[in-house]
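The following exercises are to be worked through with the sequence and the model at hand. Each task is followed by a solution in steps.

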Amino acid sequence: MVHPVRRLAVLGSTGSVGTQTLDVVRAFPDRFDIVALAAGRNLELLQEQIAEFDPEYVLCEDTSALPSLGAKPCASLEDMASLPQVDIVMVATVGAAGLRPTLRALEAGKTVALANKEVLIMAGDQVMAASRRFDNPIFPVDSEPSAILQCMLGEEDDIRKLIITASGGAFRDKSPDELAAVTPEQALQHPTWKMGRKITIDSATLVNKAFEVIEAHWLFDMPYDQIDVVIHRQSIIHSMIETADGVIKAHLGSPDMRYPIQYALFYPERVFNPGLKPFDPVEIGQLTFEAMDPKLYPCFELAIDIGSRKGTWPSALMGADEAAVELFLARRIKFTEIPHVIQSVIDDHQAIDNPNLDEVILAAEWAAERARANVGAPR
Ligand SMILES: NC(=O)c1ccc[n+]([C@@H]2O[C@H](COP(=O)([O-])OP(=O)(O)OC[C@H]3O[C@@H](n4cnc5c(N)ncnc54)[C@H](OP(=O)(O)O)[C@@H]3O)[C@@H](O)[C@H]2O)c1
């Protein structure tokens with residue numbers, strides 16, 4: 001059977017998810033064509049990617065600094081996400097950057113593979129309304145919602161609960177007292193996943209897990225009280241669902257982002273990738289589950305409380321967290337001060353109930369600036 005070549009735009013091609021997306025493309029050169037690549041500041045890597053994948057369009061923070069390599073500059077991420085030559089848009093940017101491009105891609109009828117989960121945190125109702133309006137489903141690239149999606153196939157009407165697993169991050173064995181002295185270098189050592197800097201710190205605070213709960217709420221239209229989180233150190237079960245009869249379906253596999261990336265890019269096809277290490281249950285031996293200790297992760301409940309509100313609250317949470325992570329990485333605040341910085345911003349936030357997109361984005365920008373100002377850091 002001859003399969004049509006899938007034409008891709010990768011937004012955030014130089015990041016952790018972006019480079020792993022290109023790894024999958026590299027493994028299946030006859031199945032994908034890279035039409036467009038967008039990055040931020042990593043010009044060196046972007047140049048290498050242009051030389052290897054020969055995209056028609058590129059975009060980065062300073063396109064004029066790129067030597068002419070035959071690719072045309074795109075005016076914006078939104079334009080790139082709606083290019084007529086593109087079938088699939090991989091949204092692998094971070095923070096607010098992916099919001100408008102995701103909406104534009106949905107509107108243009110592109111298949112949207114969404115890694116940039118903050119898009120759903122900031123504007124879950126608008127994004128899911130667009131997905132419904134244009135009858136265009138979103139394919140999550142995050143391993144947990146991808147696992148849930150795969151468990152849900154054939155069970156859509158009979159689900160009682162989603163159970164999201166969490167590794168517990170870099171500091172799962174530290175006491176609350178020890179956490180005050182941890183360094184950015186320690187926080188960036190994730191026990192099971194290799195990821196970008198922001199998501200790795202968000203994994204240590206469990207803000208990332210709160211974001212995944214919110215993401216799952218929007219993607220699967222599931223009430224918050226039917227979404228549980230359990231600490232599962234091995235990161236082998238990526239998530240589970242409980243069906244109406246009490247049966248648990250779990251999705252297992254090696255902690256390698258190329259699996260959910262490949263699932264989103266090939267859907268509904270299943271294709272063997274010889275470059276991925278096969279999962280061996282005997283090698284893993286044991287799977288463990290623990291309740292999460294809220295004292296160790298004060299950010300989790302804070303983020304769920306704010307992120308599950310309506311209006312601009314979730315966007316302010318996203319901006320405050322992004323800035324708090326930057327401030328911690330820059331050694332301006334301690335790890336244990338991250339929840340206080342977020343709370344201080346939220347205390348000052350004047351929320352808008354039914355914001356338009358500009359107001360959603362402005363709320364995140366305002367929150368990030370307020371976080372920096374509250375800490376007395378330069379902008
Ligand atoms: N990494 C993972 O394993 C993983 C797993 C699940 C979900 N996610 C989610 O996926 C998203 C990406 O995570 P990541 O870990 O891949 O992040 P990352 O390594 O920091 O990469 C972010 C990418 O976005 C680019 N970028 C940033 N701002 C941009 C802008 N305005 N325009 C164009 N490109 C821009 C960066 O470019 P430069 O580097 O060139 O500046 C980089 O290519 C996040 O939302 C994260 O939560 C990640």
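**Exercise 1.** In this predicted model, identify the elements against which the buried residues of helix H1 pack.

*Solution.* The partners include three strands, E1 (6–11), E2 (32–38) and E5 (88–91). Two helices, H2 (43–53) and H11 (258–266), complete the list. Next, the residues of H1 that are buried are Val 17, Gly 18, Gln 20, Thr 21, Leu 22, Val 24 and Val 25.

**Exercise 2.** Describe the shell of residues around the ligand.

*Solution.* The ligand is surrounded by 28 residues, of which Gly 12, Gly 15, Gly 40, Asn 42 and Gly 196 are the closest. Two or more residues come from each of H1 and helix H9 (197–205). H1 gives the most, with three residues. Sorted by class, the shell holds 12 nonpolar, 11 polar and five charged residues.

**Exercise 3.** State how strands E10 and E11 are joined, and what lies between them.

*Solution.* E10 (residues 237–243) and E11 (residues 248–252) run antiparallel and are joined by five bridges. Within this pairing, Glu 242 stands opposite Ile 248 of E11. The two strands form a hairpin, with four residues between them. In the turn, Gly 246 has a positive phi of about 85 degrees.

Terms used
Residues numbered from 1 in each chain as written. Predicted model: local features only at pLDDT ≥ 70, side-chain atom pairs only at ≥ 80, totals over all residues. Buried ≥ 20, exposed ≤ 12 C-beta atoms within 10 Å, placed from the backbone. Contact = placed C-beta atoms within 7 Å. Near = placed C-beta within 6 Å. Nonpolar A, V, L, I, M, F, W, Y, C, P; charged D, E, K, R; others polar. Pairing = 2+ DSSP bridges.
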